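Hi,

Here is the structure I promised to send over.

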Amino acid sequence: MEPHSDALDINPDYDLAKPLNFDGVGLRQKLASYGDPHFSLFMRKLFIKALGYSEDALSRPIVGIVNTYSSFNPCHANIPQLIDAVKRGVQLSGGLAIDFPTISLHESFASPTSMYLRNLMSMDTEEMIQAQPVDSVVLIGGRSSSSSSLLLPWHGNIWLFDTTTGCDKTTPAQLMGGISANKPIIHLVTGPMMPGSFQGVRIGACTDCRNNWARFRAGSLDIEDISALNEELAPTAGTCGVMGTASTMSCILLALGLMPLSLPSATAPAVSSSRLRIAEATGTHAVSLAKSQLRPQTLLSKESFLNAITVLQAIGGSTNAIVHLMAIVNRHPQLAGSITLHTIDDIGRKTPLLVDLKPSGDNYMTDFHNAGGMIALLHELKPLLHLDVMTITGRTLGVELASIPFRPLPPDSPLKSIIHRYHEPLYPSSSLVILSKGNLASAGGAVIKASASKDRNLLFHTGPAVVFSGPKDLAERIDSPNLNATPSSVLVLQNIGPVGNPGMPEAGLIPIPRKLAAKGVTDMLRISDGRMSGTAGGTIILHVSPESADPESVLGIIKDGDMITFDAEERYLHVEIGEEEIKARIEQRKKAMGERGESAWIAREKERGYKGLYRREVNQAEKGADFGFLTAAGPS
């Protein structure tokens, strides 16, 4: 029986004489493969109608909302409220909002480290965006942070203050997956937490976590003090309230043009009504994106990333952001390889540090927000920015800045010192330094946040190495009274790189030996192939590449007593041993690796599961610690 023409007018989806458009919009795209597209659409509609949707609702543009809520993730505690607000914005603008889950990461509840799962989350995000019928996507993430305050016993004789939350990996993972999927995306971050108070002093996660833990290790705080601090360092939901990786990635997302400038998207507190209004506006923007189909590979240009790096340097952002940015840009087919560590260093040399937030300064994200936030900062940075780049609204950065009302703080405002004037910086340039000279840095590079050094004399330093072969060795010996270390020693931690300790844990903040901390030593030169929390401070060199697990790595053959020279201004990091000695040590090490068969570098070839996949496929820090097969270039 032929269907009546009036019925086909009511529901043309069942007109078998009319082929379905496989590149359609809304519910009619990405159909499951049953061999009969009309039947596939019929099946999809009958199942979604079990949730009570009408034909009118199902005819609208679909905005997917990525839901990363987890009861293990306090950074994301406000996500249910944010989803409700996003849905309100979508539906007020004529769209249909449908949320769906992906992996949720939190450092304190992800072993061995949430960075180990960042690439997996990016795959999850990419594939769920690709598989489902969405016209645009709101990526809700808690950004990077360091908000948890757990006391974790480790090997009995040392306590680690684990204060980094895995929302640190959420927005990078989402953007990596979003660029690869290349559907219209817009980011919404959960927002920073509020500061707490201890003995009348403002405190907050997690620079104050580390500083006070160091005081506890030195004996200047007792167990009652540290227990009380544990209650106050993360007093509300949200991400870390300092310029850690959380806040850094929020500012970078806005600088890339992936969040609207017209609202304080990067800085509004997680527990504020402003954060909910931002979520509603994000839903409105998502409907516009569903109609315009402005995709990330079109929106993002090389100049977008140059702006993001300028902001990174001006805020004294997290060293983790460098790894994430390398992974993000190398997902973009037209931009992969165009941004390198040298790009970051070149921009740093001409960019002043303007934002006075911990760990490079003294203040908190709430202060940055109240002082004008990113709009105020971007106005100061205008001489360095590419104003013709596209933003999520479809307008350029320059047009957006010109159209948004902005009034600088009055000269007598107590918040005036939070965002420094361009010609009166907190730090003249290169808050983040890329090391590229010397036998420890010339092959792959290394990174240091110079602006967070607690002893600027250490930015030019030569001292004898005290070497730890890995986290277990560090835990067993760092507090030994027999440790042969002085304030001028260089603490070296090996085997915490991408392959050697999968995920590159944030163990680069090597504790000051207790015998030295008790004498008032607060900083030493420290070197590793791992990462550290963006909330941490000190003279700490990170991401040394090639990592020490690599049989060819110079970092891997350093011995106690070897003299190491570091010169931040010259970008120089060198162990003072001759080329012949280096070759001899490398050959000796390769032989020992082959005899023992215990090397992660060798064992990974036969390792099963995700861990084996990770170790075989992960690239080095200077390329983003991504999986080679996920990059725009694909597997090599």
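The accessible surface of the protein comes out at about 24,400 Å², and carbon and sulfur atoms own 54% of that. Keep in mind that this is a predicted model. As for what is covered up, 60% of the 636 residues are buried.

On charges, there are 57 positive and 63 negative ones, and their mean positions sit 1 Å apart.

Now the fold. I get 22 helices and 16 strands. The radius of gyration is 25 Å, close to the 26 Å from the globule rule for 636 residues, so the protein is as compact as a globular protein of that length. Along the principal axes, the C-alpha atoms fill a box of roughly 90 × 65 × 45 Å. Of the contacts with a separation of 6 or more, 75% are between residues 24 or more positions apart.

Searching the whole structure turns up one disulfide: Cys-206 pairs with Cys-209, with 1.9 Å between the sulfur atoms. The torsion about that S-S bond is about -100 degrees, so the disulfide is left-handed. Cys-206 is buried at 0% relative accessibility, and Cys-209 is buried too, at 1%.

Cys-240 is in no disulfide; its nearest cysteine sulfur belongs to Cys-206, 5.1 Å away. Cys-251 has its closest cysteine sulfur in Cys-240, at 14 Å, which is too far for a bond. Cys-240 is buried, with a relative accessible area of 0%, and Cys-251 is buried with 0% as well.

Cheers

Technical notes:
Residues are numbered from 1 along each chain as its sequence is written. This is a predicted model: local features need pLDDT of at least 70, side-chain atom pairs count only at pLDDT 80 or more; totals for chains, interfaces and linings use all residues. Side-chain values use heavy atoms; hydrogens and water are left out. Helices (H or I, at least four residues) and strands (E, at least two) are DSSP runs, numbered from the N terminus. The radius of gyration is taken over C-alpha atoms; the globule rule is 2.2 Å times the number of residues to the power 0.38. Buried means under 20% relative accessible area, exposed over 50%, partly exposed in between (1.4 Å probe, protein chains only). Contact means heavy atoms within 4.5 Å. Accessible areas come from the Shrake-Rupley method with a 1.4 Å probe; for residues, only the protein chains shown count as cover. Lys and Arg count as positive and Asp and Glu as negative; His and the chain ends are not counted. The place of a charge is taken as NZ of Lys, CZ of Arg, CG of Asp or CD of Glu. A disulfide is a pair of cysteine sulfur atoms within 2.5 Å.
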